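Subject: Structure handover

Hello,

I am passing this structure on to you. Please open it alongside this email and go through the notes below.

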Amino acid sequence: MDAAADRDAPVSRLERSSHTAFIDNNTLHVWGGFQVVAGVDVILPSDEIWLCDLDSGTWERREITGDIPPDLSGFCGSHLNGTLFIFAGCGPLGWTNQMFTVDLKEPNCSWKKLTDTNGSTPSPRDKHSCWVHRNRLIYFGGYGCKTMGEVRNTGSSNFVVEEMSWATIGNTLFRFWGWNNEVHVYDIHTSTWSTPETQGPAPPPRGCHASTLLGNKGYISGGGENAELDLFCLDLETWTWTKFETPASCTPLGRSMHTMTSISDHSLFIYGGLGTDGNTLNDAWQFNTLKKEWTKMIHPHKDKPRVCHSACLGSDNDVVVFGGSSSFCIRMDSVAVMRAPSQDHCKDVFMFQTQPYSLFRLCEDFIGGNPELLGKQLDWLPSKLRHKVDKRVAFFSALTSVPTA
């Protein structure tokens with residue numbers, strides 16, 4: 001991706017794919033990713049983060065100073081206790097295993113590069129995922145490089161070699177490139193890396209999969225080439241893998257670059273992705289972890305296929321989707337398979353309702369969408385409630401209004 005391309009091109013800086021996002025205090029935070037300018041992939045700036053007030057739909061840009069991360073693709077972002085962690089990815093000098101953090105609770109945010117860590121840092125990688133559990137960041141899978149010694153000490157079922165070539169990253173000479181299914185744990189209190197020994201049927205090595213945390217279990221789906229979507233979970237107390245077996249006729253199409261969100265004590269929500277049929281998908285599914293069955297959802301967003309988007313759990317268990325691409329194109333020839341740059345990057349926020357709303361939420365949304373029906377009666381509301389209603393009025397009056405940089 002060309003980081004030297006003109007970042008001042010007249011394209012909204014909010015349009016992006018492969019970013020990281022999380023919700024805190026009903027505010028959507030968005031960092032990183034890329035967009036296409038004049039047919040060229042451009043990594044978005046690392047020295048800013050965008051905040052969307054989900055009550056009003058208004059956006060705000062915050063600057064971040066300090067040890068700014070390099071331009072990264074395929075990184076993994078995680079949010080814990082008000083701090084954003086960015087680990088690994090592919091930068092201007094190739095793959096990396098660096099970790100950066102920023103405390104977003106501070107009035108003046110500043111990046112810090114973590115250097116004094118204990119234990120063995122995972123090898124450089126991208127397209128991996130993370131579960132946040134009990135003050136630990138638990139990483140799974142991805143694509144990256146290993147030394148000859150690392151490959152000798154890694155089982156063939158844990159690392160699938162795709163390419164062999166020499167590359168120097170830092171002071172280390174790497175030889176092998178491929179996909180892994182490794183589990184690595186970073187303890188934020190002790191700044192220590194560890195690698196637990198897992199049991200049970202682990203997922204085959206993969207990247208571009210989706211992951212989510214539900215209770216004490218981390219779930220993984222997709223990212224492979226299976227015709228049907230596979231699903232695994234890892235017990236984060238016993239480190240035991242479980243594979244869910246479901247009838248092929250009742251299982252979603254296999255996919256990658258989709259999202260999976262936990263929406264209740266026993267439900268997972270899947271949306272979009274790049275199907276194994278080559279299409280950008282617009283379907284939504286729920287998986288019941290108790291009944292071990294899939295249910296295809298009827299929803300109003302069939303006109304919004306998405307790949308490389310984000311999906312976060314919002315208020316009232318809404319799934320909040322942002323960004324991504326609406327048309328992901330793959331070009332193939334006799335030599336290689338590659339992604340064609342797409343201009344169809346998105347900047348809209350939309351939501352999936354996963355449960356009945358409370359009477360308060362229904363009234364709030366009705367008033368926000370129809371303020372003219374009440375007129376001056378809105379002035380009778382307590383100031384705090386009036387402020388919330390004013391935000392909802394702004395939200396419904398400007399659903400498609402998004403600022404550009």
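Predicted model: local features only at pLDDT ≥ 70, side-chain atom pairs only at ≥ 80, totals over all residues.

Helix H2 covers residues 359-369 and helix H3 covers residues 383-397. The two pack with their axes 7 Å apart, at an angle of about 60°. The crossing of H2 past H3 is right-handed.

On the H2 side, the contact is made by Phe 360, Arg 361, Glu 364, Asp 365, Ile 367, Gly 368 and Gly 369. On the H3 side are Leu 385, Lys 388, Val 389, Arg 392, Val 393 and Phe 396. Sorted by type, the residues of this contact are six nonpolar, two polar and five charged.

Phe 396 lies in helix H3, and its relative accessibility of 30% makes it partly exposed. Setting aside neighbours within four places in sequence, Phe 396 touches Asp 365, Gly 368 and Gly 369. His 128 is 268 residues away from Phe 396 in sequence, and their C-alpha atoms are 36 Å apart in space.

The cysteines

How many disulfides does the structure hold? The count is zero. A disulfide is a covalent bond between the sulfur atoms of two cysteines. For Cys 90, the closest cysteine sulfur is that of Cys 145, at 9.1 Å. A disulfide needs the two sulfur atoms within 2.5 Å, so the distance from Cys 90 to Cys 145 is too far for a bond. Cys 90 is buried, with 18% relative accessibility, whereas Cys 363 is partly exposed at 38%.

Two loop residues

Trp 239 is not a glycine, yet it has a positive phi of about 60°. Its loop runs between strand E20 (231-235) and strand E21 (240-243). Is Trp 239 buried or exposed? With a relative accessibility of 14%, Trp 239 counts as buried.

Asn 317 also has a positive phi of about 60° without being a glycine. This residue sits in the loop that links strand E28 (310-313) and strand E29 (319-322). Asn 317 has 21% relative accessibility and counts as partly exposed, since the buried class requires a value under 20%.

Regards

Terms used: Residues numbered from 1 in each chain as written. Heavy atoms only, no water. Axes fitted to C-alpha atoms, helices over the stretch in contact; angles between N-to-C directions. Helix = DSSP H or I, 4+ residues; strand = E, 2+ residues; numbered from the N terminus. Left-handed = near helix turned anticlockwise from the far one by under 90°. Contact = heavy atoms within 4.5 Å. Nonpolar A, V, L, I, M, F, W, Y, C, P; charged D, E, K, R; others polar. Buried < 20%, exposed > 50% of the residue type's maximum accessible area, 1.4 Å probe, protein only.
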